[in-house]
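Notebook open, model loaded. I wanted the overall build of the chain, then a look at one helix.

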Amino acid sequence: MDLPLENIQLAARDSQPALVDFTQHIVATPSLPGEEGDVADIIHNEMVNLGFDEVWRDQVGNIIGKVEGGDGPTILLNGHMDHVDTGPPDGWPYPPFSGQIVDGELWGRASVDMKGPVACMIYATSLFHRLGLRPHGDIYMTVPVMEEIGGLGTQHLITHLSAHAAICGEPSSNTLRRGHRGRVELRVTFEGHSAHASAPHLGVNPHYGAAAFLTHLPDLTMAYDATLGLSTVVPTLYATDQLSPNVIPGRVYLTLDWRNIAGETPEDIVAKVENLAASIESLNQKVTVVIKSQEFTTYTGITQEIPALFPSYLLPQDDRFVQAAHQALVTALGRDDGLDIWRFATDGGHLMTADIPTVGFGPGDEKLAHTNQERISLAQMEEAVVGYFALITALAEAV
Ligand SMILES: [Zn+2]
């Protein structure tokens, strides 16, 4: 693409009022997982109005916009349309669905995670049409559903769309990301024998097995990666199979949240937890370990069972897409922020499992995601439009 950088910057500036307007509109439209229908319609219409060549909704409700390019490589952009709950609204300085602008920042749930970044990606992709340019190859702007509960949308997307490279637009304060740890949710069941609480000798109380296990859990040797750091595991939820306080339960269910590094498979993790349980002498009860899985229904009425798994991934520092993306951002943004990883898991892990090399970049401070202080800088959004445009072009040239 031999168009001068100033033209891209000028176009990003010109489209900024419309971009901000659109972002306010989608932030003001709640879209919890499974309830994304209204925001999906708005996003669909915006892409049509911005001149995308094709816009459609797939079975599970993902919105996909296509810009037709030449014979070159296909580039995919990805940003989810759902968000986490607001928590108590009175904890927010401004109402969570107001989209209010204060001191150059747009407030509200999902402003950072990630309707602000989604709006910037859509506008960056639309610049090709606006400037009368033909991209090297096709561009797919994908806006999936249900990322916050495991990534049902993107897991469906990769069954019918492919690309040579992708950009995951989660917030990164406009710096480049090349991976993150994954997340595996496990359920550990301790099986005892239920009995009347007045006759403990007639039962086997699974609480003691769970207690022995929990005492030894911190002894596990965790995997380590120089970039991603240590894997971690924490117990989160705890339940029994009883409702009455005067019954020895037959079973205890313990939930573990495991953050795994790249290369550490869910099967490895299950085996590690099983081995730990087997090695504890005082734990003479049956213990089963499974990856948790739950049924979800999309706003389009599709019900699917989704395991609580976000794959970890890490592109090497010298990967050609990482290198090209880094160079492109240095040129487009006029500074070198280096390379980093995300602390949280993203749909990028699902794209990588479909063999689509994925770099990360997005406006907004990731520390504000999932908080009642969530807000995004408008200046960062304008810069992100330039950044995304540069990345689309650079990734296509790197294939
Ligand atoms: Zn997100």
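I'm working with a predicted model, where local features need pLDDT of at least 70, side-chain atom pairs count only at pLDDT 80 or more, and totals for chains, interfaces and linings use all residues. Residues are numbered from 1 along each chain as its sequence is written.

Whole chain. I looked up the secondary structure and got 9 helices and 23 strands; these are DSSP runs numbered from the N terminus, helices being H or I with at least four residues and strands E with at least two. The C-alpha box along the principal axes is roughly 80 × 45 × 40 Å. For 399 residues a compact globule would have a radius of gyration near 21 Å, and the 23 Å of the chain agrees (taken over C-alpha atoms; the rule is 2.2 Å times the number of residues to the power 0.38). I find 47% of the residues buried, meaning 20 or more other C-beta atoms within 10 Å of the residue's own, against 12 or fewer for exposed and partly exposed in between, with C-beta atoms placed from the backbone.

Helix α6. Which residues of α6 are buried? I get I269, V273 and A277. They fall within an arc of 75° seen down the axis, so they line one face of α6; the arc uses directions from the helix axis to the C-beta atoms. On the other side, E267, A271, N275, A278 and S279 are exposed. The buried residues pack against β9 (183-191), α5 (206-216), β15 (251-259) and β16 (286-291), a contact being C-beta atoms, placed from the backbone, within 7 Å.

Terms used:
Contact = placed C-beta atoms within 7 Å.
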